[in-house]
Amino acid sequence: MLGKLFGRSAERPAADPHALPVPRRQKNGMYTLRALGDTRVLALIEAADSGEWEAVKAALGPFDLGRDHQVLGQLADLDGVQDWIGRAVEEDKEHRATALLISGARHISWGWEARTADRAVNVTQEQWRIFHQRLHIAEEQLLEAAELRPKWITPWRRLLTSGRGMSLGPAVNETRRDAALRRDPLDLETRIEWVSYLQPRWSGEPGQALAFAREAFAGAPEGHRLGCVIAMAHIENWVESDNKNCLETPEIQDELLEAAEHSILHPAYERFPGWQEDFNTFAMAMSLASSHSALPRVFEQLQGAFTPWPWKYMAQPEKMYARARRNA
């Protein structure tokens with residue numbers, strides 16, 4: 001029935017042999033995605049949580065941590081990694097670059113945990129001191145990792161975040177952005193980080209981020225996830241705006257539809273561990289824009305899977321997701 005309603009086949013993509021079983025859904029039919037929905041990522045998280053470096057290296061086998069931003073993000077956000085990763089940096093010379101990358105990424109997340117998401121005026125001097133101390137360590141480690149592995153993208157993408165937090169200025173951050181994009185001109189996470197950097201609350205001017213996103217999307221092949229940069233640019237504009245209905249225009253609705261059909265809803269789109277975050281990005285943007293032409297298709301593919309990003313921009317992320325899903 002759903003296939004007929006949306007004018008396409010009701011067939012779903014082939015089952016992923018590494019997909020985690022869907023947990024018991026909440027009453028509203030949703031559940032929070034864990035470990036990118038992948039058994040191999042879960043094994044990696046469990047190894048890291050135990051502090052067993054040898055087990056972590058074994059679990060990293062299926063992944064290219066120098067290019068896989070989302071898998072690296074799972075380690076960066078895991079509390080406790082900072083307690084043991086330093087030993088791996090010092091003791092494992094063969095895998096020093098990997099240990100530096102993990103440690104650097106973790107120190108950035110750890111730094112932001114100390115700073116908190118509060119407004120800058122509410123952050124204490126002690127919080128600022130710890131924040132900058134941890135980011136300084138991250139900078140040193142990520143720059144060394146990038147030197148040891150010149151083809152890696154992820155160190156440069158993470159250095160954009162630390163550079164933004166340390167207010168290193170446009171010249172430094174533009175150099176880092178260009179270093180990442182030379183290694184992969186279509187890298188979505190680098191583009192999204194730059195969209196954030198161009199917001200007025202950081203260093204940009206109104207309209208800069210969306211112009212950058214549109215330029216990036218213009219060169220995206222069919223089925224490439226780079227279309228998400230358009231959705232994220234509109235979400236960022238919504239965050240900046242005092243008018244919470246600012247996205248409800250026919251032009252924005254049409255642009256989001258075009259971007260979704262060119263990327264996540266295109267037959268050439270490839271699902272990978274954490275693909276649900278791409279769909280959540282469009283789900284949030286389309287909901288804010290009251291763009292309902294493709295929103296049911298997005299939520300149908302998600303089957304209730306909720307990812308905190310980018311809904312965490314809202315005060316009650318899960319509640320807002322459930323409401324958007326219900327109203328789609």
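Here are a few questions and answers about the predicted model above.

The model is predicted, with local features needing pLDDT of at least 70, side-chain atom pairs counting only at pLDDT 80 or more, and totals for chains, interfaces and linings using all residues. Residues are numbered from 1 along each chain as its sequence is written, and side-chain values use heavy atoms, leaving out hydrogens and water.

Q: How many helices and strands does the protein have?
A: Helices (H or I, at least four residues) and strands (E, at least two) are DSSP runs, numbered from the N terminus. On that basis, the protein has 17 helices and 2 strands.

Q: What is the radius of gyration of the protein?
A: The globule rule is 2.2 Å times the number of residues to the power 0.38, and the radius is taken over C-alpha atoms. For 328 residues the rule gives 20 Å, and the protein is close to that, so it is as compact as a globular protein of that length; its radius of gyration is 20 Å.

Q: Is Ser290 buried, partly exposed or exposed?
A: Ser290 is found in the loop between helix H14 (275-288) and helix H15 (295-302), and its phi is near 55°, a positive value in a residue other than glycine. Buried means under 20% relative accessible area, exposed over 50%, and partly exposed in between (1.4 Å probe, protein chains only). At 28% relative accessibility, Ser290 counts as partly exposed.
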